[in-house]
Amino acid sequence: MVFLGQEVQPAEVFVAGSGSEAESMSRGVQFPTTLSLQLAFLQGQTDWLNESPLLSSTCVRMHSPGIEWTNGFLDAIEWIFAAVAQYPDMTSRDDVRASWLDSPLARVNMLGATDSPVSNERETRTARRQAVERAREYIRVNLTEPIRLSDLCKYSRTPARSLEYGFREVVGVSPVAYVRAMRLHRARRLLRSTAVRTRTISEIALDSGFWHLSQFATDYKRLFAESPSVTYRRTQSQLPRAGRRNAVDLSSAQLRMTAVRKNKRIPEAIPASP
């Protein structure tokens with residue numbers, strides 16, 4: 001594919017601002033993924049969009065964020081489609097729609113951030129680290145509640161881009177990935193406790209902030225190298241027989257999109273998760 005006279009390479013992406021026009025030509029079969037954002041609506045839902053020059057620009061720009069970003073972006077889009085297909089009733093919940101919105105927007109925000117690195121002066125780094133600590137405090141208190149990137153920005157009193165850099169400096173992952181990891185560890189603690197006497201895996205997952213149960217099972221196995229049901233059954237086997245109950249295996253509820261990934265997936269060393 002040629003865009004503005006330039007050959008588009010794997011893991012490259014172009015962004016066209018509001019009202020802009022551009023022409024692309026395909027030299028064979030292509031499987032492009034396009035995300036169209038209605039900024040007027042989004043700016044009323046997500047405060048930090050006003051801080052993103054990328055999303056407020058009216059020009060067209062080419063970006064080369066790399067394979068990790070590209071696969072993460074495709075994962076985020078496919079995850080939303082899978083979630084809607086598997087849990088259609090969830091579309092009526094404001095908190096669920098908000099989580100769908102934040103997932104691709106956070107990645108779009110970081111795409112623009114790659115063009116202009118954040119200052120690494122000592123005072124700036126210190127301010128970012130302090131913002132991260134405020135955000136982590138908010139996460140600890142509200143772990144089982146819906147947490148949006150805009151919530152973290154407000155509580156930490158820092159722009160989304162600076163908070164993203166700060167989290168990667170301090171804990172090595174993005175704010176969204178940190179929240180997911182904290183919730184997974186909470187679920188594992190419950191699955192390894194006497195809570196399994198009276199609760200199912202689904203109940204423990206919901207209590208840990210996960211409503212997408214098949215995604216919970218996938219993320220849990222990726223982090224702990226075993227499924228939630230394996231942890232659950234092992235804990236049950238260590239309890240007195242009278243206190244055991246049947247485990248619920250979530251693996252059958254997982255929704256795969258193999259056919260889509262055959263056309264879109266770009267190989268990488270470490271798979272990215274939404």
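## Aromatic rings

Ring pairs join F210, F216, Y220 and F224 into a cluster; rings of Phe, Tyr and Trp (its six-membered ring) pair when their centres lie within 6.5 Å, and planes under 30 degrees apart are stacked, over 60 edge-to-face, and the rest tilted. The charged end of R188 sits over the F224 ring, 4.6 Å from its centre. For that label, NZ of Lys or CZ of Arg must be within 6 Å of the ring centre and within 35 degrees of the ring normal.

Searching the whole structure gives eight aromatic pairs. W69 and F73 make a stacked pair, 5.2 Å centre to centre with 5 degrees between the planes. They lie four residues apart, about one turn, in helix α3 (residues 67-86); helices are DSSP runs of H or I, at least four residues, numbered from the N terminus. Both W69 and F73 are buried (under 20% relative accessible area; exposed is over 50%, partly exposed in between, with a 1.4 Å probe and protein chains only).

## The two sides of α5

Which residues of α5 are buried? They are R128, A131, V132, A135, R136, Y138 and I139. They cover an arc of only 155 degrees around the axis, so they lie on the same side of α5; the arc is taken from directions between the helix axis and the C-beta atoms. On the other side of α5, R122, E123 and V141 are exposed.

## About the model

This model is predicted, with local features needing pLDDT of at least 70 and side-chain atom pairs 80 or more, while totals for chains, interfaces and linings use all residues. Residues are numbered from 1 along each chain as its sequence is written, and side-chain values use heavy atoms, leaving out hydrogens and water.
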